[in-house]
Amino acid sequence: MRKALPTAILSFVATIILVDYWFKVPVINNAAKDITTWVSLIANVALGLGAVNLLLVHSRHIRLKRQEWGNSTVLIALMLFVAVVGIAQSSNSPTYRWIYDNINVPIGSTLFATAAFQIASASYRTFRARNVEAALLLLTGIFVMLGKVPLGEMMASWMPTFAQWILDVWNTAAQRGIMMCTAIGLIIISVRVITGMERGHFGSGE
Amino acid sequence: MSTYEKLQAIDKRVIYILLALSIAVPLLFPLGLPFSVGAEVKNSYDWIEKNINKDDLVLFSYDISTGAMPELGPITTAVMAHLAKKQVKIIGIATMTDGVMMARQLYAPFAKDLPYGEKFVNLGFLAGGESGLSSFLQNPYNVFKADADGKPIESMPVMKGFKDVKDIKVMISVNCGPVGGCSIEQWVRQGFVTHKKPVWIGLNAVMAPGSMPYYRSGQLTGYIAGIRGAAEYETLVGRAGLGTSAMDAQSIAHALIIIFIVLGNVGMMAIKRSKAKGGAIK
């Protein structure tokens, strides 16, 4: 029953959405509209649940003095502080915007930027022309990297066109193949989920 | 350790320091390397220039995380400068939570050209991913009754004439991927496939190869990728910004990475040749 009822609801809802896409049946079309609105509402509630869950998990870490419980304390303290500022003064208040623009954005950007260093180091260590395929990949990478920056354009005027040709022709062809395979796989998985054959998304039930 | 072995084992701290310098120095002392405008950016710019007129409704989705801000911020600023010049009406949303604040930050320089409530509104976070987007496009007032600050939107002049997706001239998403928001595929599915509306995107360079087929097939009307795309768009709009200033840094950083890759390969090949000859590695 714990899996049968959600499966039945899922199949029912999915059928309405599918019929709505292909046919003009006013009752079904209106029901589909309502369902998509519910998704927005449920997603908003899920965000709140996520915040509560985060609080519960990290409070437990602190209570049981688990490894790195200090980080949990910082997380909860900052989360509550920002939430209180946002609720008390609105998220458009100067204080909230200052926190966001001067703490959150620089930290997020810095973390993202560290990827450049990892990629540089990883490329140096792994990009080796050990065989023909690897050599081709290496050369392609170098041409695209140079073709996408002004330096490459200065070195040879044909470089940007060549890099774009690699992206437009070879890359697009490969990406299309991947996309089509993914789409077919997605259809199969969807049919299995709708018909109740696929139940992995319910978890183990523990 | 021989010289060739050393070439293959350069300390990563050396790479990190040189890379940091290769980015920081050109940013502080620009070289002003010239660059051309690619066909994609030119076509994307021309499409807006030809098809978007004063007071047309533009749905602008700020699908930007804080991490993607350095790359997507310049794209957004350049595109908004273009839209401000055209005096369109912008309905701002965000399919990821960060986007609401990003929209505020990125709108601030245009507050004079696009007065809030008249030419611009920030509706805030649109939850629910693709389903949420589908719902919003069919009946926006079911999803949003107020803007991100809680002000009722129905009386705002910018919302006049906006009943549903049919009134939107173009959907623009500056997008950092499906991490918590709508992906390019979802915008294409909902905007272009379902509602037959032009979808125009700005995206991270790392997402460019994966999204290229949508542009090539005509499912995307506009396509601005990465900081290079931002720099090219800034050139067309005539407003040099962060994109343009980052071009020198990107050039030197790419060159440095290529030099390291070549050094590693020279070391590997020399050792291979030496082993094949049966000689000692020097």
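Residues are numbered from 1 along each chain as its sequence is written, while chains are lettered from A and ligands numbered from 1 in the order in which they are written. Because the model is predicted, local features need pLDDT of at least 70 and side-chain atom pairs count only at pLDDT 80 or more, whereas totals for chains, interfaces and linings use all residues.

**Figure 1. Confidence of the model.** The model scores ipTM 0.84 and pTM 0.88. The mean pLDDT (the predictor's confidence in each residue, from 0 to 100) is 90 for chain A, where 99% of the residues score at least 70. Chain B has a mean pLDDT of 92, and 99% of its residues reach 70 or more. Within chain A, confidence is lowest in helix α1 (residues 4-22), with a mean of 89, and highest in helix α5 (residues 132-147), at 94. Helices are DSSP runs (H or I, at least four residues), numbered from the N terminus.

**Figure 2. Domains of the two chains.** The domain bounds come from an automatic or database domain assignment. Chain A is divided into domain 1 (1-89), domain 2 (91-126) and domain 3 (129-199). The C-alpha centres of domain 2 and domain 3 of chain A lie 26 Å apart. Chain B is divided into domain 1 (3-30 + 246-277) and domain 2 (39-240), and 38 Å separate the C-alpha centres of these domains of chain B.

**Figure 3. Helices α4 and α10 of chain B.** The axes of α4(B) (residues 69-86) and α10(B) (residues 226-237) come within 8 Å and cross at roughly 25°. Axes are lines fitted to C-alpha atoms, for helices over the stretch in contact, and angles run from 0 to 180 degrees between N-to-C directions. The two helices α4(B) and α10(B) are therefore roughly parallel (an angle under 35 degrees). The crossing of α4(B) and α10(B) is left-handed, that is, the near helix is turned anticlockwise from the far one by less than a right angle. Residues in contact (C-beta atoms, placed from the backbone, within 7 Å) include Ile75(B) and His82(B) of α4(B), together with Ala230(B) and Tyr233(B) of α10(B).

**Figure 4. Helices α3 and α4 of chain A.** The axes of α3(A) (residues 69-89) and α4(A) (residues 94-126) come within 9 Å and cross at roughly 145°. This crossing of α3(A) and α4(A) is left-handed. Val82(A), Val85(A), Gly86(A) and Gln89(A) of α3(A) meet Thr95(A), Tyr96(A) and Ile99(A) of α4(A).

**Figure 5. The contact between chains A and B.** Chain B gives 49 residues to the contact and chain A gives 47. Elements that give two or more residues on the chain B side include α2 (12-28), α5 (97-107) and α9 (208-216) of chain B. The largest share of that side, 12 residues, comes from α11(B).

Technical notes
Parallel < 35°, antiparallel > 145°, perpendicular 65-115°, else oblique. Contact = placed C-beta atoms within 7 Å.
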